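Morning, everyone. I will take a few minutes on charged side-chain contacts, and then we can move on.

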Amino acid sequence: MLALLATADLQAQCTLTGTVFDEEARPMAGANVVLLELQRGSATDADGAFVIEDVPAGTYTLSVSYLGYTDYRKTITIPEGVTSKQVDIRLKPSGVDLGEVTVQATRANERTPMTFVNLDKEDLEVNNLGQDVPYLLRWTPSAVVTSDAGTGVGYTGIRIRGTDPTRINVTINGIPYNDSESHGTFWVNMPDFASSTENLQLQRGVGT
């Protein structure tokens with residue numbers, strides 16, 4: 001009798017399945033699908049499909065969310081004796097209004113015990129002919145630049161106060177750019193990087 005009752009109870013549970021699409025009927029992978037009253041849910045797979053098993057009969061709020069899209073909610077009813085139910089959902093994109101973000105690195109200032117030069121976008125544009133960053137610094141004090149091709153593009157290097165490139169720390173938005181093995185900086189991987197630079201600081205001496 002107990003085994004029969006357990007079997008009947010299992011048959012009373014419903015498997016909720018469905019697919020989440022965008023406005024152009026493309027499946028959306030990674031959408032969060034939740035039955036709020038049960039606090040039970042699933043995430044859609046690569047085909048936009050989801051499965052929520054063992055849902056008892058009743059009325060529930062189905063919630064679907066995805067970054068960049070309006071949250072979707074729908075009331076669904078699972079009747080007694082129903083073992084499967086299919087729900088297809090289409091999400092609408094929503095605008096995301098982000099505030100201003102300022103990225104700042106650790107920089108020298110007038111109280112830092114070292115000499116330095118600050119160059120803003122206007123200063124860089126004066127000499128920027130699409131060459132690598134070292135060539136834009138060749139007129140700053142204590143800097144000597146080199147170029148394998150002689151044009152300032154490709155394999156270029158810079159020495160500051162005679163210090164070779166493996167001992168010059170280069171950071172972009174505060175993140176070290178030096179190669180982890182050679183400790184050098186390969187500007188050839190960053191063609192015309194100066195055109196995307198708002199400002200630059202060259203420090204001479206033991207830096208920040």
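This is a predicted model: local features need pLDDT of at least 70, side-chain atom pairs count only at pLDDT 80 or more; totals for chains, interfaces and linings use all residues.

Salt bridges

Start with R26 and D22, whose side chains form a salt bridge, with N to O at 2.8 Å. In total the structure has three salt bridges, and I will go through each of them.

Back to that pair. How accessible are its two ends? R26 has a relative accessibility of 46%, so it counts as partly exposed. D22 is at 6%, so it counts as buried; the cut-off for buried is under 20%.

R26 also has a salt bridge with E24, where the closest N and O atoms are 3.4 Å apart. Is E24 buried or exposed? Its relative accessibility is 58%, and because the cut-off for exposed is over 50%, E24 counts as exposed. To put the accessibilities together: R26, partly exposed, bridges to D22, which is buried, and to E24, which is exposed.

Next, which residue does R167 pair with? The partner is D164, and the closest N and O atoms in this salt bridge are 2.8 Å apart. R167 has a relative accessible area of 64%, so this arginine is exposed. D164 has a relative accessible area of 17%, so this aspartate is buried.

How values were computed. Residues are numbered from 1 along each chain as its sequence is written. Side-chain values use heavy atoms; hydrogens and water are left out. A salt bridge is a side-chain nitrogen of Lys or Arg within 4 Å of a carboxyl oxygen of Asp or Glu. Buried means under 20% relative accessible area, exposed over 50%, partly exposed in between (1.4 Å probe, protein chains only).
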